Amino acid sequence: MTVVPTVTLKSGEKIPVIGLGTWLSKPGEVAQALKIALKNGYRHIDCAHAYMNQDEIGQVLEEVIAQGTVKREELFITSKIWNTFHSYEKTKEAVDIILQQLKLKYVDLLLIHWPMGFQEGGEIFPRTADGNHMHYSDADYLDTWKALEEAVQAGKVKTIGLSNFNSQQIQRVIDHSHIQPAMLQIESHPYFQQTKLINFCKEKGIEVTAYSPLGNMATPFRKEGQANLLEDPVILEIAKHHNKSPAQVIIHWSIQRGVIVIPKSTSEHRLKENFDVFDFELSKDEMAKMAGIDRNWRILDLTARDGDHPHFPFNIEF
Ligand SMILES: NC(=O)c1ccc[n+]([C@@H]2O[C@H](COP(=O)([O-])OP(=O)(O)OC[C@H]3O[C@@H](n4cnc5c(N)ncnc54)[C@H](OP(=O)(O)O)[C@@H]3O)[C@@H](O)[C@H]2O)c1
């Protein structure tokens, strides 16, 4: 079986450089996808409370651990605190809900999903009457962070980190933390490489995970007619040269530039394809060509919905 390289985080934990994404993996499909993934060597699984499929993921984890097919310590399970659980008390509650759903005693990595807090105590998406915005909360993500630090001390979480935070917000957490963030998870793919933010993180000893690494063609946030990364001529040429698929080139490119990657699939064929990325290297020239196709194009752009939130992260350059 493929031996996947790992990266050692500030916490001392080792994270495999490729994991399985589970956003938009439907209940009823995600269990099957996870079983196939585990059978084919995936050990790092990216989950979130807001994906509303953690119960089903938890059932599979419980089953494989009980069967002894996979040992708990071989797995690297990530989850995320959702926006409606940002106050100190709610975050503590969310940690327990996540552990209960995933049927685990601890998670390996817990991230604050977004810096913006939404109205607590009700719907996961507390929409305004017109449906176009969310009701906000004034919870500060520093309170969320404090509760996460305590979850580490309580043994419920090994490593803590952030997702969708900008450099100023990351610095603010660093300046007010006892345990520093070890991970930033952000959208990153060849059309949105985020090199400045990634360099900022690396300077602080924070590792980076790329979400939507394939430019997620299925996300509801895409607009009709937008470019398909998997048909980019530069990527197609490199793929042809290495006898690999465009997705394999993109996944390998991310790993080669030091960014952990979590492609989502529920198809057996694509789950295998996305994992078969360790038998080739991109040349210096190919890496330069890949750097040249950046369009600074964010797909998951929530400006219209959440742009006026005081903690909205994407109003500054990086
Ligand atoms: N922190 C955050 O805010 C955040 C936001 C977004 C995503 N994420 C995480 O990152 C993960 C990955 O991102 P994503 O799901 O947005 O997008 P993605 O992994 O870039 O793309 C997923 C889409 O690509 C298809 N696909 C997968 N492998 C393929 C291949 N080899 N060739 C062609 N198409 C392929 C999948 O369809 P099939 O399933 O049919 O194969 C699916 O429609 C998520 O699942 C989630 O865990 C985190």
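In this predicted model, the ligand sits in the largest pocket. The ligand is surrounded there by 29 residues, of which the closest are Asp46, Ser212, Leu214, Ser265 and Arg270. When the shell around the ligand is sorted by class, twelve residues are nonpolar, twelve are polar and five are charged. With regard to secondary structure, helix H9, which spans residues 268-275, provides the largest share of this shell, namely three residues.

Several polar side chains approach the ligand through N or O atoms. In the case of serine 265, which is also listed among the closest residues, an N or O atom of the side chain is placed 2.5 Å from an oxygen atom of the ligand. For asparagine 216, the distance between a polar side-chain atom and an oxygen atom of the ligand is 2.8 Å.

The strands of the model may be described next. An open sheet is formed by eight strands, with parallel pairing, and their order across the sheet is S3-S4-S5-S6-S7-S8-S9-S10. At its edges are strand S3 (20-21) and strand S10 (260-261), each of which pairs on one side only. The partner of S10 is strand S9, comprising residues 207-211, and the two run in the parallel sense with two bridges between them. Within this part of the sheet, valine 261 of S10 stands opposite alanine 210.

Notes: Residues are numbered from 1 along each chain as its sequence is written. This is a predicted model: local features need pLDDT of at least 70, side-chain atom pairs count only at pLDDT 80 or more; totals for chains, interfaces and linings use all residues. Side-chain values use heavy atoms; hydrogens and water are left out. A residue is near a molecule or strand if one of its heavy atoms lies within 4 Å of it. A polar contact is a pair of N or O atoms within 3.5 Å; within protein, one must be able to donate a hydrogen and the other to accept it, and residues adjacent in sequence count only if both atoms are side-chain atoms. On a 1 Å grid over the protein atoms alone, a cavity is a set of points where a 1.4 Å probe fits but cannot get out, and a pocket is an open set with protein on both sides within 12 Å along at least five of seven lines; lining residues have an atom within 4 Å of a point. A molecule sits in a cavity or pocket if more than half of its atoms lie within 2 Å of its grid points. Helices (H or I, at least four residues) and strands (E, at least two) are DSSP runs, numbered from the N terminus. Ala, Val, Leu, Ile, Met, Phe, Trp, Tyr, Cys and Pro count as nonpolar, Asp, Glu, Lys and Arg as charged, and the others, Gly among them, as polar. Two strands pair if DSSP finds at least two bridges between them.
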